[in-house]
2 protein chains.
Amino acid sequence: MIMNEEEEKQPKNYNTQKYRTPDGVPADIVMFTLTKRERKTVTKTLPIRELKVMLIRRRSWPFAGKWALPGGFCRESESIYDAAKRELKEETGVDGGHLEYLGVYSQPGRDPRGWIISNAFFALVEEWMLEQRQAADDAEEVGLFGIHEALEQLELAFDHREIIRDAYIKIQQKMLQTTIAKQFLPKHFTLSELYQVIQTVVPEFKEPNFIRKITSTQSRQGILEEVRDETGKKLSSNQYSQRSAQLYMFTDDVPLLSIYT
Amino acid sequence: MIMNEEEEKQPKNYNTQKYRTPDGVPADIVMFTLTKRERKTVTKTLPIRELKVMLIRRRSWPFAGKWALPGGFCRESESIYDAAKRELKEETGVDGGHLEYLGVYSQPGRDPRGWIISNAFFALVEEWMLEQRQAADDAEEVGLFGIHEALEQLELAFDHREIIRDAYIKIQQKMLQTTIAKQFLPKHFTLSELYQVIQTVVPEFKEPNFIRKITSTQSRQGILEEVRDETGKKLSSNQYSQRSAQLYMFTDDVPLLSIYT
DNA sequence: AAAATAGTGTCTCTGAGACACTATATA
DNA sequence: TATATAGTGTCTCAGAGACACTATTTT
């Protein structure tokens with residue numbers, strides 16, 4: 001911000017505490033991860049994937065014993081996004097991961113401690129980041145829950161059920177309309193893996209001709225690219241199947257969708 | 001929220017003012033309107049439309065004399081959305097209009113008055129609502145500016161340029177991906193009007209076969225519906241053209257887009 | 001050979017895109 | 001009659017959807 005001298009002088013009679021002010025503005029984070037569990041079968045097969053949410057069991061009032069989103073109060077010297085980033089790092093020990101703003105939760109009475117306005121984020125992190133966290137700080141009870149278990153069976157603190165529900169809706173939208181699937185995949189992946197990741201987050205997604213469409217249609221060509229070696233030969237992998245499958249990677253293209261075209 | 005007795009008892013030693021707390025959490029609103037100006041031509045023609053933003057000239061420190069978004073501080077007894085709704089009503093005198101959350105602005109130093117975290121909204125209102133406002137309260141200087149004028153030429157208070165830019169990006173996205181165009185149209189409208197509204201908000205939008213596509217394609221049939229009278233006869237209007245044009249209305253369908261299908 | 005997954009051939013039908021054409025009303 | 005806007009005829013080609021088929025590798 002650029003200001004000139006004149007307007008920068010704060011009037012002597014200006015009092016910031018004239019009105020009741022909030023008691024705190026925390027950032028709470030819905031941390032999603034996609035767990036991968038190898039299946040013990042006779043033949044090679046894709047691992048079972050599951051969308052999970054990380055929660056922390058509260059130890060003190062209010063909602064002691066209930067599960068809650070990780071989060072922390074924002075400080076005056078940082079933006080709310082910075083606070084969320086700091087919190088994410090504290091929980092995972094890692095700087096990376098997708099972190100995105102979700103919304104503000106300000107219903108009066110949502111926090112018995114006072115007038116506390118929460119800013120929610122969601123993060124997509126890798127499973128190992130959370131495991132690291134659990135090892136580092138075993139003073140706090142950390143849990144990884146399937147999204148439906150968290151939403152339907154757990155006793156949650158504050159309005160965190162609502163926040164998790166909103167985050168789930170948003171991640172499903174984003175999974176179909178952006179390329180965040182890449183957050184849950186290695187750099188190079190097969191189309192079956194991609195399909196499985198999409199279906200894990202959005203079970204309703206069904207696309208019988210998925211491979212055909214994604215490879216043959218002009219409009220989709222932009223977002224995926226075949227992986228090739230130095231000589232230009234296409235690379236494939238048979239990690240999860242008998243016949244080896246072509247490897248793909250996301251490009252940096254962000255497709256723009258419209259209902260009118 | 002349902003709580004049992006036990007956990008609801010606030011510990012005596014709990015002090016909500018242990019830490020520095022924010023000095024206020026306002027809701028600021030980017031109020032968009034689409035002005036319609038009749039053209040004086042020999043033949044009937046569509047009015048010229050323009051996307052405008054309503055701003056208020058600040059009278060006191062800080063940023064006295066600069067243009068700013070309308071807004072007001074949130075009270076303890078209301079949610080931030082309620083505060084925005086209240087503010088919108090104060091400015092327009094009307095309860096209606098599309099009001100949607102935009103995001104939080106919390107960069108340290110953004111407000112010289114202290115630690116003030118703004119929650120931005122955008123609203124789509126009709127022009128007459130703002131005219132009413134201007135008449136009601138002539139103590140305050142109100143201005144309607146073209147979006148590009150506001151972004152590129154005006155001296156704006158706080159970080160309001162950034163907020164307006166973000167709101168502009170969001171309204172453009174929403175215009176293409178949802179049916180908010182209906183906020184800028186009468187209940188019944190012609191396809192030329194719809195096309196013009198879309199182009200006014202998103203100048204890059206070009207669709208030579210617009211009428212053909214929107215009427216002939218299955219996937220689009222869901223969102224628009226022909227207007228008919230009681231006997232089922234299609235209704236048309238020649239308000240803006242020689243030959244009368246079919247009238248349409250939006251259905252309640254919300255199309256779900258995906259980059260993978 | 002059987003099984004499992006990857007990927008193709010091929011057919012049908014919808015719809016996008018282009019452009020010239022017709023239709024309706026007004027100056 | 002000229003003009004302005006609304007809307008259609010028609011052709012070509014891309015691509016969606018279905019389903020049987022082939023390809024590759026492991027058991």
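Start by selecting Arg243(B): an N or O atom in its side chain is 2.6 Å from a base nitrogen of DNA strand D. You're looking at a predicted model, where local features need pLDDT of at least 70, side-chain atom pairs count only at pLDDT 80 or more, and totals for chains, interfaces and linings use all residues. Residues are numbered from 1 along each chain as its sequence is written, chains are lettered from A and ligands numbered from 1 in the order in which they are written, and side-chain values use heavy atoms, with hydrogens and water left out.

Stay with the DNA and click Asn209(A), where a side-chain N or O atom sits 3.0 Å from a base nitrogen of DNA strand D. Now show everything near the strand (a heavy atom within 4 Å of it). Which residues come nearest? Of the 19 around DNA strand D, they are Thr217(A), Ser192(B), Arg212(B), Arg243(B) and Gln246(B).

Next stop, the two chains. Select the residues in contact (heavy atoms within 4.5 Å): 64 from chain A and 65 from chain B. The buried area there, meaning accessible area (1.4 Å probe) lost on being put together and summed over both parts, is about 5500 Å². On the chain A side, pick Trp61(A), Ile259(A) and Tyr260(A), which lose the most area to chain B.

Finally, zoom in on Glu76(A) and Arg20(B), whose side chains form a salt bridge at 2.9 Å, N to O. The term means a side-chain nitrogen of Lys or Arg within 4 Å of a carboxyl oxygen of Asp or Glu, and the count between chain A and chain B is 2.

Methods
Buried area is the accessible area (1.4 Å probe) that two parts lose on being put together, summed over both. A polar contact is a pair of N or O atoms within 3.5 Å; within protein, one must be able to donate a hydrogen and the other to accept it, and residues adjacent in sequence count only if both atoms are side-chain atoms.
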